[in-house]
Amino acid sequence: MSAHCQVTGRVPGFGKSVSHSHKRTSRRWNPNIQRKTYFVPSEGRRVTLTVSTKGIKTIDRDGIDAVLARIRSRGEKI
């Protein structure tokens, strides 16, 4: 599963870890991505989304129908 949120578009951030001796190594900050299944009453079916925790809060606030409409307007297939 890729670390990409279908709702907010969050992706991993990249940077460097700096040790005590100031040696630098590459690292990445992954968003908290989870697979969630939502029931969509207007379509009468379930939809599984890969969402971050902020995406889950967005769905709770705006509703699943509004969020699915935004995802489809970007051309993403659900």
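Student: Which residue just after α2 takes a positive phi?

Tutor: This is a predicted model. In it, the place to look is just after α2, where the phi is about 95°. The residue with that positive phi is G75.

Student: Which residue takes a positive phi in the hairpin of β3 and β4?

Tutor: β3 and β4 run antiparallel and are joined by eight bridges. Across this pairing, F39 stands opposite R46 in β4. The hairpin has four residues between the strands, and the one with a positive phi near 70° is G44.

Student: Which element gives the most to the largest nonpolar core?

Tutor: That core has 15 residues, and V7, Y38 and L49 are among those with the most contacts inside it. The elements that give two or more residues to this core are β3 (33–40), β4 (45–52), α1 (53–62) and α2 (64–73). With four residues, the one that gives the most is α2.

Student: Why do the buried residues of α2 line one face of the helix?

Tutor: The buried residues in α2 are I64, V67, L68 and I71. An α-helix has 3.6 residues a turn, so residues three or four places apart point the same way. Seen down the axis of α2, the buried residues therefore line one face, as they fall within an arc of 100°.

Student: With which residues is L68 in contact, leaving aside its neighbours within four places in sequence?

Tutor: L68 is one of the buried residues of α2. What covers those buried residues includes β3, β4 and α1. Contact here means heavy atoms within 4.5 Å. With its neighbours within four places in sequence left aside, L68 is in contact with V40, V47, L49 and I78.

Technical notes. Residues numbered from 1 in each chain as written. Predicted model: local features only at pLDDT ≥ 70, side-chain atom pairs only at ≥ 80, totals over all residues. Heavy atoms only, no water. Core = buried A, V, L, I, M, F, W, Y, C linked by side-chain atoms within 4.5 Å. Buried < 20%, exposed > 50% of the residue type's maximum accessible area, 1.4 Å probe, protein only. Pairing = 2+ DSSP bridges. Arc of directions from axis to C-beta.
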